[in-house]
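Hello,

Here is the structure I promised to pass on.

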Amino acid sequence: GSEMCIRDRNKTLSSFAYKNILEKVERKCLMNEVDVIKVDPKNTSKIGKEKYTKIKGLSVHYCAAYVINRRGMGFVD
């Protein structure tokens with residue numbers, strides 16, 4: 001019922017906001033001659049937690065960003 005409509009609306013709004021932010025970041029990078037490398041963020045938190053939190057001494061979020069960076073550089077975890 002109405003619960004589904006609210007969920008769908010929230011998902012649509014979230015998707016719009018994400019696309020808007022992504023476009024702004026890409027535009028800024030283009031203006032400043034910075035390359036953008038898109039990578040799939042799937043499982044980055046899990047991999048970051050399992051492989052890097054202890055050795056890097058960082059939070060799961062920082063380690064997930066580290067995994068994303070490694071993917072952008074072509075490494076496979």
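Below is what was found, from the whole chain down to one residue.

First, the ground rules. This is a predicted model, where local features need pLDDT of at least 70, side-chain atom pairs count only at pLDDT 80 or more, and totals for chains, interfaces and linings use all residues. Residues are numbered from 1 along each chain as its sequence is written, and side-chain values use heavy atoms, leaving out hydrogens and water.

The fold: the protein has four helices and zero strands. In sequence order the pattern is α-α-α-α. The radius of gyration is 16 Å, well over the 11 Å that the globule rule gives for 77 residues, so the protein is more spread out than a compact globule. Helices are DSSP runs of H or I with at least four residues, strands are E runs of at least two, and both are numbered from the N terminus. The radius is taken over C-alpha atoms, and the rule is 2.2 Å times the number of residues to the power 0.38. The C-alpha trace spans about 45 × 35 × 20 Å along its principal axes.

Burial: 13% of the 77 residues count as buried. Buried means under 20% relative accessible area, exposed over 50%, and partly exposed in between (1.4 Å probe, protein chains only).

Is valine 76 buried or exposed? Valine 76 counts as exposed, because its relative accessibility is 76%. Its C-alpha atom is 20 Å from that of leucine 58, 18 residues away along the chain.

Best wishes
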